[in-house]
Amino acid sequence: MPISSKHVLFFKVLVFVVQVSYGQLRRVKHDEPAAPEQHSARHSGMWNGSRVGLRRACDAELEYRLTRLEVQVAEKTDRLVNELKDGNHKLQAIELQEEEIRNAIEGLRSEMNNAGGQVWQDEQRDAPSDKLAARIANLEISIKVVLAALRSLTGDVAGIRRNISAILAATGALHDEMTDLPTKRFISQALLDIRHGTYYPPVSHQMTASQQESCQPVNPTDCMDIRNKGTSSSGIYTIQPGYSSKPFMVFCDMEMNDGGWTVIQSRFNGSQDFFLGWADYKTGFGNIGKEFWLGLDHIYELTGHLVNELLIELEDFEGEKRYAQYSAFSIGPENEGFPLKVLGQYRGNAGDSLEYHAGQRFSTKDMDHDVWPEGSCARAHGGAWWYKSCDSSNLNGLYFTGEVPDNFIYKGMYWGTFRGPEYSLKKSRVLIRPRKDARSSATRERGT
């Protein structure tokens, strides 16, 4: 029994739909979260501790359930896709076999017509022919072969129909399970709500002095806190800002300009690759005692809730040193793109090559936040920075030794007002520390 074109078309559409659904399921967990609203509520220290533990438990439980569900769906989908592929291959083979059978039948029909005409002529002549008898016998054998092939083809079609019915039933069950899956936006929003604490009830601010004392962090909050406690040696220390869920290590400069500086970027020999992606710039990379980037998450924890000073130290390959200092510096959170939110008044001898970037979001080679309509500044200039369209400084650019070729202008580690984009500097350090008025204000706030 021949297969209609409608059956073939229906099967191919079914294969396409299942493959597309499979691809979408594989991407649900790995898509980027939708941008949530920034959470502005400030919680007390005691609640932070319990909230972090509950948040981690929620994150772990949600991650476990999502992973288990993804594995189950992937297994079922893989099984269905394999069955559909097998069915598709069988149908293609059957279509070819059907075409061959049709051609054979047409040939037999033509030969039978010819044979009939020959029989009539022989009867008219009353002269039986052995050759004609042999041809008729061959035709009978061919017809039997064709009938056997048709019976086999009919059995294959019946089996394929049963397989398609089973696949349709399984696909319907899979579709029912898919309707119960949370959407990408729901998962992203829930994770961000848990991260920012909006899932939890508001915390009462009525705390006793002893409770507030017990909530104070064990680790110092920044390098200035370490300096104020009597330490005057530069080196690597462990700190934990008030809005950080866990401590991390930093390099503290206790000698430059009264000390208390936290180094957030250091480059001096090109040993560390800085042409990296968003994930690396978010969490930080490199060796904290050599070349490194502290990480946008940590920079936000240090500056997002407490206004800092910014100091940039530069040196070229001729040994000339310059600096640029800004009275205020603060960046926003990740859901806003870590924007350069606050940049204060400039002073120094390197020139102001950062004011152009004020207000811009951070961009990397795989996360384009700039406003350049012709492409990605990070990719075109080989770095990661608060690009606009594109830059007047690029301190995370490629590391060259001095003058750069024409085709690498703007791609080096440069400061526009000191040697310009045609020259890649030898050294760069970016440091921050809380402003005195900001720290005193924060101290008074903790004491109330």
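The model is predicted, so local features need pLDDT of at least 70 and side-chain atom pairs count only at pLDDT 80 or more, while totals for chains, interfaces and linings use all residues. Residues are numbered from 1 along each chain as its sequence is written, and side-chain values use heavy atoms, with hydrogens and water left out. Ser244 is found in the loop between β1 (235–239) and β2 (248–253) (helices, H or I, of at least four residues and strands, E, of at least two are DSSP runs, numbered from the N terminus). With a relative accessible area of 9%, Ser244 is buried (buried means under 20% relative accessible area, exposed over 50%, partly exposed in between; 1.4 Å probe, protein chains only).

By the rule that a side-chain nitrogen of Lys or Arg lies within 4 Å of a carboxyl oxygen of Asp or Glu, the count comes to 12 salt bridges. One of them joins the side chains of Asp225 and Lys229 (3.7 Å, N to O). Asp225 is buried at a relative accessible area of 14%, whereas Lys229 is exposed at 57%. In another, the closest N and O atoms of Arg433 and Glu309 are 3.0 Å apart. Arg433 belongs to strand β14 and Glu309 to strand β6, so this pair ties together parts 124 residues apart in sequence. Both Arg433 and Glu309 are buried.

A further salt bridge is formed by the side chains of Glu403 and Arg419 (3.8 Å, N to O). Glu403 lies in strand β11 (residues 402–403) and Arg419 in the loop between β12 (414–415) and β13 (423–424), so parts 16 residues apart in sequence are tied together. Glu403 is exposed, at 56%, and Arg419 is partly exposed, at 34%. Through shared partners, salt bridges join Asp316, Glu318, Glu403 and Arg419 into one network.

The structure holds 13 aromatic pairs (rings of Phe, Tyr and Trp, the last by its six-membered ring, with centres within 6.5 Å; planes under 30 degrees apart count as stacked, over 60 as edge-to-face and the rest as tilted). The ring centres of Phe274 and Phe285 are 5.1 Å apart and the planes are at 75°, so the pair is edge-to-face. Phe274 is in the loop between β3 and α7 (278–283) and Phe285 in strand β4 (residues 285–286), 11 residues apart. Phe274 is buried with a relative accessible area of 2%, and Phe285 is buried with 10%. The rings of Tyr281 and Phe362, with centres 5.6 Å apart and planes at 45°, form a tilted pair. This pair links helix α7, which holds Tyr281, to the loop between β9 (346–348) and α9 (377–381), which holds Phe362, 81 residues apart. Tyr281 and Phe362 are both buried. One aromatic cluster is formed by Phe274, Tyr281, Phe285, Trp293, Phe329, Phe362, Trp385 and Trp386.
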